[in-house]
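Open your viewer and get ready to select. This tour goes stop by stop.

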There are 2 protein chains.
Amino acid sequence: MTPKNIINELTPIFIPKRVALIGASAKPGKVGRLFMDRFIGAGFKNIVPVNLKEKEILGFKAYPNIKDVPDPIDLAIILLPPFAVKEAVQDCADKKVTGIVINSSGFGETGAEGKAVQDKLVAIARKGGSRLIGPNCIGIFCPAGKLPFPLGAPMEKGKIGIISQSGSLADHLTLITSEMGLRFSKAISVGNECDLKVVDFLEYLGEDPETEIILSYLEGVHEGAQFNRLTQSISKKKPIIIWKCGASEAGAKAAASHTGSMAGSHQIWEGVFENNGIISVGSVEEMIDCAYAFHNTPLPKGNRVAIITGPGGPAVGTTDACVRMGLDVPMISESTQKKLMEALPPVGTSLVNPIDLSMVAAIAPELYGKVVEILSEDDDIDMIIAIGNGGDVFYDGVIKATKNNDKPVALTVLMPMNMIVEGHAKVAGSNTLVYPDPIRAANALSRMAQYAQFRRIHEEE
Amino acid sequence: MTPKNIINELTPIFIPKRVALIGASAKPGKVGRLFMDRFIGAGFKNIVPVNLKEKEILGFKAYPNIKDVPDPIDLAIILLPPFAVKEAVQDCADKKVTGIVINSSGFGETGAEGKAVQDKLVAIARKGGSRLIGPNCIGIFCPAGKLPFPLGAPMEKGKIGIISQSGSLADHLTLITSEMGLRFSKAISVGNECDLKVVDFLEYLGEDPETEIILSYLEGVHEGAQFNRLTQSISKKKPIIIWKCGASEAGAKAAASHTGSMAGSHQIWEGVFENNGIISVGSVEEMIDCAYAFHNTPLPKGNRVAIITGPGGPAVGTTDACVRMGLDVPMISESTQKKLMEALPPVGTSLVNPIDLSMVAAIAPELYGKVVEILSEDDDIDMIIAIGNGGDVFYDGVIKATKNNDKPVALTVLMPMNMIVEGHAKVAGSNTLVYPDPIRAANALSRMAQYAQFRRIHEEE
């Protein structure tokens, strides 16, 4: 498939005019009801419930079979028990549905027999020109197409794309990050990938102008060469953040029973990640930390970080962490030190780096904004980490100072979690970040600096 | 000092009858006012403000000099500018105050000259039999003695002790963890350690029957042999969790200007930590994650962990993380599998390990409690990690199942942060843990398993 073709072929699936929910239900507790609720909540207009018994479900005219629907269907979502899936796919193929999401599980992930059934489903779909997503997946989240996910994340459009071999992970990611202001272009739960695969969606999101950052949870891919080639070229324009699981023997076993995929050698994966500038993460939290940084702030021009602090201890630990993670914590230049000296009270402060505001920080949090402003004009500093106590004066000063900033600025607030939530809300929409721990800020910035370096090298190509 | 002596000598400082605040003030924004407010808030009765001009501060009779106070003073806290400290220490020594906290900075951390002044302060204090804490510190937090910290953490008694070379870190730790239900016996900000040192407080907390877990932020210690000997013996009865900073050159420089301490070789520290069963952490967050596990749950009997999940992806990643961290994710025994099969609906679940409840988990969260109950009776499982969506039914079921449990159970909830706060509140007081990410749960449990192993080896000694 050429890139142009994949955009043309898959866009009707992401932005469908009409969606059939096969197995739709009005009964609370049923998955067919949950999907109805979510589609209604998302404001999707042309919902077509398919249900053998009901004439109408939650106000939408229902049909006993998708073939009875008079209008064309772009996307069908099959929410049936596994034994009923084959017939439903046949009906969808007869109806020439563009895309079919098979939510049902009990196929390739259960072993060779299930895999054989899966292959038959693909053969059936092919005849109608339909493409399959899944089985064993939650399908597609796309705010532009008003396609919701089960947990009900906000339906505002954004610039992050997700490709996940875990549906729940994709679902949770879209929800967890909403309070931090992250928004998504598309999220795809690929399931067992009987037809459309990780590499197809990677190609799609690589070409998709709405998607600027790609997140992926992977257990394994069969199309290694294609994966390598695609990530290599996409990374040159969009950051790809991947959590690769199934590295341990026990983990690989869990992955096999989860989506039936082969995890493959950890070493090979690591090599591909390094060569292709992929941001490889080790947890949901680290994935979000990195996505947040890429989402809110510009790429740093280098790896030199300035640390501003009140509390001395955490600043020492953050300095260690920055150095360990490959960042440089340089001496602040004399000219900038002079500016800082003029702006700051003389007592108890150290201006070298970390810039230690000492006790003054807690009493006069407006100083953080002043220091950020001065550092923003210093070409020898590429990124800023500020450790403070939160509060409106702290946030407002820094947000103002970073307004036209071309450097990532990460605030860290060693405070109870409800104050972090406040901080996230406070900075949402600005290009300032809030982390609950400075080591996590250092990590996210170091991953950005690494990726920026990859981009600089490959810009020259 | 023998252990018995240190308890006798320092207890009046932790549980003083009368405290003098030298530099107390009624003026908002002044540190002397903040300390007055906090002592009043903590319910400390015999506050003695010392202030040259005022006759009375916030309802407490004030004296121009501590020597004018008719009653004995157990603890004096000096909140004066550095130039006024020497005279104040002289007055305290004349008054034969048991302990003197010097909050003021501008001494040893500024270089050789400041160090020389510090040494003079010690000589002066010695003559009155007074012990010094600091300078450049926030002193002591002790709920039993109603001694507060500046940020105003809750004053309920607990079993965690803190020794910190960063005052703000100690202060933040007591506050951040309060919503998780962690409570403290004593926290000491040691500052520049001109007299009383990390090792003295380590000896004290080692002997202190109220303290069951010790946390420490360290940049360096001068008394290496004593530190080694003390941690070796204390670790056999109490876990010691240490964040050692200043490992990088830039970090060491920051540490030197912070408390004037020498960071020392990272390798030597690591050796001491490993030999002495110390739980070495790399961030505030990791310190809290570990303290939380030790605080709420019993030590595991081995390193075998069972993972219960709804979402498949995070369970695969958690399995990887457990194995990487030295935990075992064994097959669930046939007899336990049989019990699980009887308790669980048949569809979509995998009972091997991870125990995958699949989509059922979200619809029937009461199943988590059932599975935990069954696993609690399985002698081949030492710890449990459950990945779920939160909610009352989820928490209540697990809390009930762990009531008489002798295994650590960590719940992880991949949800927005305000739901984690809810989870922490929900399980507070039970022996169940809530983490925002399963990898962090795996890490905390693995550190407990390592420490439990250290204890088992040394029990035989």
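In what order do the six strands of the open sheet in chain B lie? The order is β8-β10-β9-β11-β12-β13, with mixed pairing. Strands are DSSP runs (E, at least two residues) and helices likewise (H or I, at least four), numbered from the N terminus. Two strands pair if DSSP finds at least two bridges between them.

A word on the model: it is predicted, with local features needing pLDDT of at least 70 and side-chain atom pairs pLDDT 80 or more, while totals for chains, interfaces and linings use all residues. Residues count from 1 along each chain as written, chains are lettered from A and ligands numbered from 1 in written order, and side-chain values use heavy atoms, without hydrogens and water.

Now pick β12 (residues 240-244) of chain B. Three bridges join β12(B) to β13(B), and the two run parallel. Find B:I242: opposite stands B:S280 in β13(B).

Next, helix α5 (residues 167-176) of chain B. This helix lies across β8, β9, β10, β11 and β12 of chain B. Helix α5(B) runs at about 160 degrees to β9(B). Axes are lines fitted to C-alpha atoms, for helices over the stretch in contact (heavy atoms within 4.5 Å). Angles run from 0 to 180 degrees between N-to-C directions.

Last, select A:I241. Its contacts include A:I213, A:L215, A:V281 and A:F294, not counting residues up to four places away in sequence.
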